[in-house]
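Hi,

Here is the structure I promised to pass on to you. Could you have a look at it alongside my notes?

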Amino acid sequence: MSCRVRNRIRELRFATGEMTQQELADRVGVTRQTVNAIEGEKYSPTLEMAFEIAGVFGIPLEHVFTYEGHRKRRGS
C-alpha cells in the first residue's frame, strides 16, 4: 500500500468564491504549477506549505489534508 497525502484544495477553492490556482499560488508564494501538482496529488507539500495553504482558507490543516499511509501494528 502506498502512502498518500490527500487534499480538498480544489473543493475549498470553489467553496470560497472560485479562487483560481494562480490566486492560491500567489497567496502561498509558489507557482500555479505547484498548486496544480499538489491539488492533483502528484506532489506532497512541505509541512510549512501545507500550513500556509490551510491558513489561506482559515481552517485547520487536517480539514485540508489527510494522510493515508501504511500503519504498522505494534508487535507485528
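Predicted model: local features only at pLDDT ≥ 70, side-chain atom pairs only at ≥ 80, totals over all residues.

Residues are numbered from 1 along each chain as its sequence is written, and side-chain values use heavy atoms, with hydrogens and water left out. Helices (H or I, at least four residues) and strands (E, at least two) are DSSP runs, numbered from the N terminus.

Salt bridges

A search of the whole structure turns up five salt bridges, each being a side-chain nitrogen of Lys or Arg within 4 Å of a carboxyl oxygen of Asp or Glu. Arg4, Arg6, Glu41 and Glu68 are joined in a network of them.

For accessibility, buried means under 20% relative accessible area, exposed over 50%, and partly exposed in between (1.4 Å probe, protein chains only). Arginine 6 is partly exposed at 30%, as are glutamate 41 at 22% and glutamate 68 at 36%.

Another salt bridge joins glutamate 11 to arginine 8, with 2.9 Å between the closest N and O atoms. Glutamate 11 is partly exposed, with a relative accessible area of 47%, and arginine 8 is partly exposed at 32%.

Asparagine 7 and isoleucine 9

Asparagine 7 lies in strand E1 (residues 4-7) and is buried, with a relative accessible area of 15%. What does its side chain reach? The side chain of asparagine 7 comes to 3.0 Å from the backbone nitrogen of isoleucine 9. Leaving out residues up to four places away in sequence, asparagine 7 touches Ile38, Glu39, Glu41, Val64 and Phe65, where contact means heavy atoms within 4.5 Å.

Isoleucine 9 is in helix H1 (residues 9-15) and is buried, with a relative accessible area of 1%. With residues up to four places away in sequence again left out, isoleucine 9 touches Leu24, Ile38, Glu39, Ile53, Phe57, Val64 and Phe65. Isoleucine 9 and phenylalanine 57 are 48 residues apart in sequence, and their C-alpha atoms are 9.2 Å apart in space.

Helices H2 and H3

The axes of helix H2 (residues 21-28) and helix H3 (residues 32-39) come within 8 Å and cross at roughly 105°. The axes are lines fitted to C-alpha atoms over the stretch in contact, with angles running from 0 to 180 degrees between N-to-C directions. H2 and H3 are therefore roughly perpendicular to each other, a label that covers 65 to 115 degrees (under 35 is roughly parallel, over 145 roughly antiparallel, and the rest oblique).

The contact is made by Gln21, Gln22, Leu24 and Ala25 of H2 with Arg32, Val35, Asn36 and Glu39 of H3.

Best wishes

Terms used: Polar contact = N/O pair within 3.5 Å; in protein donor to acceptor, adjacent residues only side chain to side chain.
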